[in-house]
Amino acid sequence: MMEFSAYLSFQRLRRTIWFWAFLVFLLGKSGGVLSDSNYLVGLGSYDITGPAADVNMMGYANMEQIASGLHFRLRARSFIVAEPQGNRVVFVNLDACMASQLVTIKVLERLKARYGDLYTEKNVAISGIHTHAGPGGYLQYIVYIVTSLGFVRQSFDVLVDGIEKSIIQAHENLRPGSIFVNKGELLDAGVNRSPSGYLNNPAAERSRYKYNVDKEMTLLKFVDDQWGPVGSFNWFATHGTSMSRTNSLISGDNKGAAARFMEDWFEQNDIESTSADEFGADGLPRRVSSIISSPCHNHHELLELAASFQSPPGKPATRILSVARRVRNAFRQADKPGFVSAFCQSNCGDVSPNVLGAFCIDTGLPCDFNHSTCGGKNENCYGRGPGYPDEFESTRIIGERQFQKAVDLFNTASEQLEGKVDYRHTYLDFSQLEVTLPKQGGGSEVVKTCPAAMGFAFAAGTTDGPGAFDFKQGDDQGNPFWRLVRNVLKTPDKEQVDCQHPKPILLDTGEMKQPYDWAPSILPIQILRVGQLVILSVPGEFTTMAGRRLRDAVKTVLTSSGEFNDAHVVIAGLTNTYSQYVTTFEEYEVQRYEGASTLYGPHTLSAYIQEFKKLASALISGQAVKPGPQPPDLLSKQISLLTPVVVDLTPSGVNFGDVKSDVPKNSTFKRVDTVTVVFWSACPRNDLMTEGTFSLVEILHGKDTWVPAYDDDDFCLRFKWSRPSKLSTRSFATIEWRIPTSASSGVYRIKHFGAAKSLMGSIYHFTGSSSAFVVA
């Protein structure tokens, strides 16, 4: 907390000092868009990387997918838009699988303690990008934390802390500014993974659309009156499943990668003017460290320099050292607010980034169209990403495609947002919501939603991550054996069976209350307005057609007022809490994975449309809406079976941070080579290194000055943690650096930061370095 407060004080001071010197220059770098500001705009970003060891990952529900390292760090990115003397809204984008009701509750409690009623559930939206490579255990309902062995306090705390701090940063950064909106098609970043379900929608409706997934990206460009562009947020629908169900490295997947690429692109673009050298040979932005020229030496001189730096013994370090040595250290950034770029999730329910299609891994043939099976079984049917069989490459490519489209939209954004800042929010009990539907031939009928339940096809998984046993998608019957297993937990009554029909119920989660609630009943819905932009905050994963129907219904209400003829309506998926999927009535009938995971029955989408239309009407008329029933706070009831770290040890005569496996002596590597170093280490759960780094690549400047070049935030650097056996007190950190094509020639070394736990419970921070080597 002291580090964060010091950062804020330093930031305010440096802005005052540099204001006059940089005003004219930076206004001239606003991308050619200068205008009178009509809002206060502030952005913030903070590290939310959870435990990189021992914790099950959230998303695939695969018990064997346990975190054991880091691909790149996760962040909470926030924007605040305020009328100078009026309303304000907050939107937070999380590099996490989804938002959590409990996390939202606790963040709002902290905001109330700090700011009073300035930020509440009404005007704060917290949304997840849906990466399936982040630590789990932070949701409060049992069905979502079974695979993580219950609640994981570390996962929960780092999210609450990081969200709060990103909002504080955005609040501290509020300054006069303008916002521009732009839209464009991105064609090659998502395919429909349940096309048979989509085809069950009416042909006349499908004929209105060119594609069976949404291809449109909507982007906001934030321009500070003083500093010029300070950020961008965009919404685009594609799943965070480029990283597979067997991956064990924490990763923001394709959207987290895109955000890092764009932030680095802007940082570089802000240092030097845009040129043909802006991107490396791999299409990604060159790292800033590679732009700063290093002294020229011939190869022999470089080898001599490298030979003078052999791996030293591991030594004690301070917690702050890991933060201070980060490449993107806040104190080292330019004297202006850091650029924040977020790639937000939308109606991604049936959209996969595995764009090559789904194939059987045993035969290489396409999977069965209706059931996504291979020989009648789901386990061998997998979607292929564009980098197949390399999931890291698929993640990079899908991230790069989103990044490149966002850059294009950012550079050409010209439509300015103008008008009110407003919001509406309510809680609804989706277990018993009455919905009025029109009847064919006239009149109407009243139907109801149901208590939550999951169908048999839920257990089949998807082509992004298949399930197990003999479950399959498209199952509207179930089978006797699994019904017997189900009945041990809870037998659904006839009313529930009829309500959920044609879904065969596998888990009657909405009526399972022991030891506490298995699934949510009370859900939030929310509309945020900034001028002609309207954000629909939904607490789940809407399929393509479900999202289209919701957007169209809300837009019809808005345009009827005459005030919103040019409204841009976007869906922010997985926001404020999580309640799985929402399909159309017709897709529900097919009972593929998405339909089986639509918790509240066949009329779930109709309920959302009805209630969002009410919110939209209230927004137009200026009427207040009832808050609705409050969701439960189940923190005091949480159970955790995850064992704590007991102690970390090394062999006699070995220090934490010692190199176990070094680079070869007098070694020279080429770009695209991989450098691997193994250190004696300790469990990463001892210190998450928040806003710091476990791994660092340094380049030698001069004869003895080591400069940070790459760290945990870089796509090219991987931190892998392992034990020789499950119960061992010893562990290793393997750091792999895939040398980018944009890396400068020179002398490099790899460092590791860690923290070990003693038997008495104290934490010992340490660091170690490899021998130096040459990149030529």
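Which side chain does Glu736 meet in a salt bridge? I found Arg738, at 3.0 Å from N to O; a salt bridge here is a side-chain nitrogen of Lys or Arg within 4 Å of a carboxyl oxygen of Asp or Glu. Glu736 is buried at 12% relative accessibility, while Arg738 is partly exposed at 27% (buried is under 20% relative accessible area, exposed over 50%, partly exposed in between, with a 1.4 Å probe and protein chains only).

Ground rules I noted: this is a predicted model, where local features need pLDDT of at least 70, side-chain atom pairs count only at pLDDT 80 or more, and totals for chains, interfaces and linings use all residues. Residues are numbered from 1 along each chain as its sequence is written, and side-chain values use heavy atoms, leaving out hydrogens and water.

Next I looked up other salt bridges, and the count comes to 48. Asp117 pairs with Lys112, their closest N and O atoms 2.7 Å apart. Asp117 is exposed at 59% and Lys112 partly exposed at 48%.

I then checked Arg319 and Asp687, which form a salt bridge at 3.1 Å, N to O. This pair links distant parts of the chain, 368 residues apart: Arg319 sits in helix α9 (residues 319-324) and Asp687 in the loop between β30 (674-681) and β31 (695-701). Helices are DSSP runs of H or I with at least four residues, strands runs of E with at least two, numbered from the N terminus. Both Arg319 and Asp687 are buried.

Last, I noted a network of salt bridges, with Arg75, Asp95, Arg260 and Asp711 among its members.
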